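Please read it with the model open beside you.

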Amino acid sequence: MKKFLLPTSITFVLCAILLQCEAPRNNPLDPSNPNSPYVTLRGTIESLSLPRTNVSGARIIWGNGSEAVISDADGRFRMSNILPEDGWLIVEKEGFHADSSYIEWGDNKEFVQDMVLNARPALTSLRIYTVVINRPPFLREYNVTIEAAITDVDNDIDSVSWKVEDLDIKGVLKYDIDAERYAITFTPSQYNLGNEDIVGYPFDISVEDKDGNSVEIGKNQISRFISGEVMLSSPLITEPPVTEKPTLVWGSFNPGYSHTYTVEVLRNLPEEIPELVW
């Protein structure tokens with residue numbers, strides 16, 4: 001009797017395995033089913049900077065936002081059970097510019113779309129300060145200086161700009177190779193403004209990359225213009241000409257807020273701009 005039971009058991013097990021293998025192909029939710037109305041969208045998210053690295057934790061949104069997944073530790077994502085309707089695939093990640101790609105399905109049951117994310121530049125320091133230049137007896141010049149240190153792992157900064165939206169003034173910062181920062185110096189009068197007109201208003205700093213992505217990275221404001229003056233007591237401008245290495249004497253200057261000051265010595269030239277000696 002046992003000789004007849006063994007083949008029967010084997011036949012039963014083989015039939016069960018075959019049924020299990022064939023069953024998913026009849027499942028309308030299985031994209032591998034040729035009759036399924038659903039499709040699969042998958043891909044990998046990488047950084048623009050070289051060498052390319054996988055970006056995990058990115059949010060991938062399909063179509064009207066009804067489907068969304070998160071990229072895994074290898075930057076991969078997969079969406080199944082979506083209908084093959086042409087639309088936008090959008091990728092978002094903190095610290096990166098959002099990116100998108102338009103998907104046209106055609107007759108495809110599976111579509112592979114890899115995406116590359118451009119990192120946002122980061123502001124490491126921002127200084128906005130005022131400078132007053134006193135040149136007795138009549139000249140007093142007021143300047144505003146903006147200095148911004150910015151890092152960008154993708155190295156694709158196209159321009160750095162500033163603006164004061166409330167005053168409708170703006171400009172572009174130039175890169176200082178020696179100081180490794182972006183900077184500009186201007187006078188309020190260039191914008192038909194008085195010194196006090198710009199005090200207290202926020203200066204917005206923005207970066208635009210070579211792809212045209214623009215992002216505001218920081219802001220700061222001017223607290224005051226220095227109205228006091230460091231008074232030179234010797235030598236005085238009314239005194240006879242001095243040697244090229246005079247002894248300078250001036251009174252103390254303590255306005256009660258953070259400041260620095262420097263002294264310049266200039267040589268007067270007939271009918272010319274004074275020449276800086278040191």
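1. A residue is called buried when its relative accessible area is under 20%, exposed when that area is over 50%, and partly exposed in between, using a 1.4 Å probe and protein chains only. Asp-74, at 38% relative accessibility, therefore counts as partly exposed, and Arg-76, at 46%, is also partly exposed. These two residues form a salt bridge with their closest N and O atoms 3.0 Å apart, the term meaning a side-chain nitrogen of Lys or Arg within 4 Å of a carboxyl oxygen of Asp or Glu.

2. Please keep in mind that this is a predicted model, in which local features need pLDDT of at least 70 and side-chain atom pairs count only at pLDDT 80 or more, while totals for chains, interfaces and linings use all residues. Residues are numbered from 1 along each chain as its sequence is written, and side-chain values use heavy atoms, with hydrogens and water left out.

3. The protein has 1 helix and 19 strands, where helices (H or I, at least four residues) and strands (E, at least two) are DSSP runs numbered from the N terminus. Of its 278 residues, 29% count as buried.

4. The salt bridges number 8. In one of them, Glu-110 meets Arg-42 at 3.3 Å, N to O; because Glu-110 lies in strand β7 and Arg-42 in strand β1, this pair ties together parts that are 68 residues apart in sequence.

5. Lys-219 and Asp-204 form another salt bridge, at 3.3 Å between the closest N and O atoms, and this pair links strand β15 with strand β14. Asp-204 is buried, with a relative accessible area of 6%.
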